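Reader: I have a structure open and would like to go through it with you, chain by chain. Could we begin once it is on the screen?

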Amino acid sequence: MKRCSIGSSIGSIAIFIFLYLPMLSVAIFSFNASKMGLKWGGFSTEWYGRLVQNETILNAAWNTLVLAVCSTFISTIIGTMLAIGMFRFPWSRRAMGKLNLLLHLPVVTPDIIFAVALVIAFSVIRYLTGLFELGMASMIVGHVTFQISFVALAVKGRLELIGHDVEEAACDLYAGYWRVLTKVLLPMLMPGIVAGAMLAFTLSLDDFVISFFTAGPKSGTLPLFIYASVKRGITPEIHALSTIIMVATICTVALMQKLTPDAKH
Amino acid sequence: MQDESTERAKEAQPIILYNGEMVRPSIIRARQATFISPGILAIITLLALPCISLFAVAFMTRGQYGEILFEPTFGNIRRLFGFGFFGWSADNLLILWRSVVVAFVTTALCIALSYPLAFFLAARPAKTRLLWLTVLLIPFWTNLVIRTYAWLLVFDSDMPFARIMAWLGLMEPGTSAYPSQFAVYVGMVSVFLPFVALPIYTAVEKLDWSIVEAAVDLYSNKWRVFRHAILPQTLPGLSVGITLTFVPAMGMFVVPDMLGGARYMLIGNLIQQQFGTSRDWPFGAALSLVLMILTLGALMATGGRRKKGRA
Amino acid sequence: MGLTAYAVCKNYGETRALYDVDLAVNKGEFFTLLGPSGCGKTTLLRIIAGLEMADNGRIVINGRDFTKIPANRRPVNTVFQSYAMFPHLTVLENVCFGLISRSIPKAQAIEKARATLDLVRLTGFEDRKPDQLSGGQRQRVALARALANEPEILLLDEPMSALDAKLRVQVQVELRQIQQRLEKTFIMVTHDQQEALTVSDRMAVMGVGQVAQYGSVREVYDRPRNRFVADFLQTQNFLDAERVGQREISTNLGRWTLGDDIPWEKGCITVRPEKLQIASDASACDFRARVNTVIYRGCYQQFILDNGLLMETETVLPVAQGDELMVHVPKDAVIVLHEDEFQRMDLRKVI
């Protein structure tokens, strides 16, 4: 029996075109020499050169990177701990139910409500302590909060895969608590932890809404910059910037597929 | 009761075992608390508690300068239902209704497109399948703002799409195809398609083809084969896809903001306005509350269906 | 002294895994816990290893009470059913793991690990990762990893279940040889009677949560004590019988005089199919039966008789379906089964 008809093949190709056409046009127009409008004015790499000179963009790029790296680092540690704590210790069924609810909360909460919740939380903290102006720190905290669950879920998948017997073997071979944790459990979890960190990193790069609500005046990221610029009109510089980000995304995704061969199933 | 009493008896024992380790229960409790507390505390203080506080904030009053006054009022809820200074207007209710409709239509369109895509991917030879999946994943990982912005470019008045539409007489010549309802749907579908396509693909890949073949044998009508042989088997993937799409689509803010403009606002934009330019947090909280309830309802509906699908 | 377990009980919620089990294993012997899946044999092994805690009872190893000592301080090592290799460590690091846990200097640990790998014939595989090994090699690494610590007791949890049939027979013999060379106490869990017979000195057949019979391998095989053990060891032919004299029974095949005293008025006896013989003349004939089916098994032949009994002959005889046979039942081949289900191990006698 034929499992994929010609109709659905053609349809699928059309869908892929539908997904890629806009991105491709941006890439093409980033090499357009004419400054205004979308008339083709010849090939040029001028806009890429301009990007490097634009301090706002460089600053935004730097912010994006700092935000992604810091939040990924923190959330990977906290998320891994959370997964181990939840799935390697005995919990009563009721406690487990509540923990699971909390664990999945950041995953199912719509971005906008998440952002609103963060704004409220930050303003309460500010009201109580007088500290914590919106800025890079608040953005990192915000990103960490939604990344934790994704890391924990990735690590959980790995935890379920490896079972208990290897830890038991370590215990049987005279290893104490720390030795089992550091020499056996963590190394075995590493693929899950790496996958979780990758996920957290891309989620941070991908985020717009939470950054939009929690950013300070000087901590804008690239997506925020693009959003603000689009409001003022389309410029070739934005094409170039978007193209660079798209290429970076493609590289990251390819790298992810390479590094986590068992995460793809 | 039985469970609890035996559990308590176990607690009373001086030592218990965990993972082959023999430890006192108090030490285990200390350890598990250490492991989970940073994560759980962050989620509780920064997400769960503020979400609950929305119930309170929604009933407070906005001060003159956008501050929150602790004066209980039903004003925000009344306003939500359209009772304002200038009499009743359907604007807010319309936005709410529109958000649900957009989410619903987007989800339906994504499902319709995902099935052929899933079968196409599943039919690829094992060697190239991963490549095709990566091709599907790349838009999924590309920044939302950039992807939406790319549609702005495609829909621009100078681009072929707007020209063809103008030539066909469907649009004013020299105008862009955005902001419009059509542009919002295109943007939404392109954003959410991978969210539906991937879980459905996973289900299709595991499909038991013998059932499909039996169905072809017995019914020989394409729709009936789909309805009785393919749909039941892919239902788990479908419900995951629906959850992943319908819920965030209702609260979507970037796409309608960039492609729909002020004329085609959704609840997400309205919420953003209250916390942004309008500085009306109580009203924003009331709107968020509504979105939260809608989300919960959607999750419960799909969750219930998933349980039924398993049985 | 080896190991003594006193009155070990274990419940999982409502289900009883072990019910008041006594066990004594002599030093230097190969002891096997044989039983169907779910009989609690693995649970008992895990309790001995310290990976699970008994609800009740005591575990004494070489005269010292280890009941409340954790697994990582017991002089006992385990070969796990899944082998439980550390996938991120090399073979050598796997074998060194236990030694380094006990803070033995690295050089000394490596030396010991190499010697143990030599014992299991795995020299040259030190730097491989577990996923680069075959099933048989992995099993030997698991064995070496446990043996390197020179445990007082080595526990083996279904160590051959992941191997194919041909390799299994070879590994059984090797395991036996290693045990005899080291003169260590081995306790193995298995559901395969052939494996138990091949490797062990003594064994215990376990029913649901209890020991149904223990004894030397020959004792248990030749004289299964009750219906459960006989059934598990596949004696095949069961007959209801009635006592008519002190050593005389009556079955539906006739009256037989046995060598043993008969402990019941009405009960069950069993005869292994290979013990039934074709009588040379009418005086030796205990019963006559027609052959319903002839099964050719290569090195032996089986007949299914019309009275339901199964018979085995070593030599292939010219017997066809429908032939009438005169069958001789040797006196000592008849096994009289006890009515009790479980046997309590007399701990004093064993020690």
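Reader: Among contacts in chain A between residues at least 6 apart in sequence, what percentage join residues at least 24 apart?

Author: Please note that this is a predicted model. In chain A, 77% of the contacts between residues at least 6 apart in sequence join residues at least 24 apart.

Reader: And how many helices and strands does chain A have?

Author: Chain A has eleven helices and zero strands. Read from the N terminus, its elements run α-α-α-α-α-α-α-α-α-α-α.

Reader: What does the C-alpha trace of chain A span along its principal axes?

Author: The span of that trace is about 75 × 70 × 30 Å. As for burial, 47% of the 265 residues in chain A are buried.

Reader: How many residues does each side give to the contact between chain A and chain C?

Author: Chain A contributes 14 residues and chain C contributes 18 residues. On the side of chain A, the elements giving two or more residues are helix 7 (165-172) and helix 8 (177-206).

Reader: Which of these elements gives the most?

Author: Helix 7 of chain A does, with six residues. By residue type, the side of chain A that touches chain C consists of nine nonpolar, one polar and four charged residues.

Reader: Let us turn to chain B. How is it divided into domains?

Author: The domain assignment gives chain B a domain 1 (2-57) and a domain 2 (89-310). In the contact between the two, domain 1 supplies four residues and domain 2 supplies six residues.

Reader: What kinds of residues does domain 1 of chain B bring to the side that touches domain 2?

Author: That side of domain 1 of chain B has four nonpolar residues, with no polar and no charged ones.

Reader: How many helices and strands are there in chain B, and what share of its residues is buried?

Author: Chain B contains 13 helices and six strands. Of its 311 residues, 42% count as buried. Among contacts in chain B between residues at least 6 apart in sequence, 63% join residues at least 24 apart.

Reader: Now chain C. What are its domains, and what distance separates their centres?

Author: Chain C is assigned domain 1 (3-228) and domain 2 (235-336). Taken over C-alpha atoms, the centres of these two domains of chain C are separated by 39 Å.

Reader: In which sense do strand 1 and strand 4 of chain C pair, parallel or antiparallel?

Author: Strand 1 (residues 3-12) and strand 4 (residues 56-61) of chain C pair in the antiparallel sense over five bridges. C:A5 stands opposite C:I59 in strand 4.

Reader: What do strand 4 and strand 5 of chain C form together?

Author: They form a hairpin with two residues between them, and C:N62 in the turn has a positive phi of about 45°. Strand 4 and strand 5 (residues 64-65) of chain C pair in the antiparallel sense over two bridges, and C:V60 faces C:D65 in strand 5.

Reader: What is the strand order in the open sheet of five strands in chain C?

Author: The order is 13-12-11-14-20, with antiparallel pairing. Within this sheet, strand 11 (residues 237-243) and strand 14 (residues 266-271) of chain C are joined by six bridges, with C:L239 opposite C:I269 in strand 14.

Reader: Why is one side of strand 13 and of strand 20 left without a neighbour in the sheet?

Author: Strand 13 (254-257) and strand 20 (335-336) of chain C stand at the edges, and each has a single partner strand, so one side of each has no neighbour in the sheet.

Key. Residues are numbered from 1 along each chain as its sequence is written. Chains are lettered from A and ligands numbered from 1 in the order in which they are written. This is a predicted model: local features need pLDDT of at least 70, side-chain atom pairs count only at pLDDT 80 or more; totals for chains, interfaces and linings use all residues. Domain bounds come from an automatic or database domain assignment. Two residues are in contact if their C-beta atoms, placed from the backbone, lie within 7 Å. Helices (H or I, at least four residues) and strands (E, at least two) are DSSP runs, numbered from the N terminus. Ala, Val, Leu, Ile, Met, Phe, Trp, Tyr, Cys and Pro count as nonpolar, Asp, Glu, Lys and Arg as charged, and the others, Gly among them, as polar. A residue is buried if 20 or more other C-beta atoms lie within 10 Å of its own, exposed if 12 or fewer, and partly exposed in between; C-beta atoms are placed from the backbone. Two strands pair if DSSP finds at least two bridges between them.
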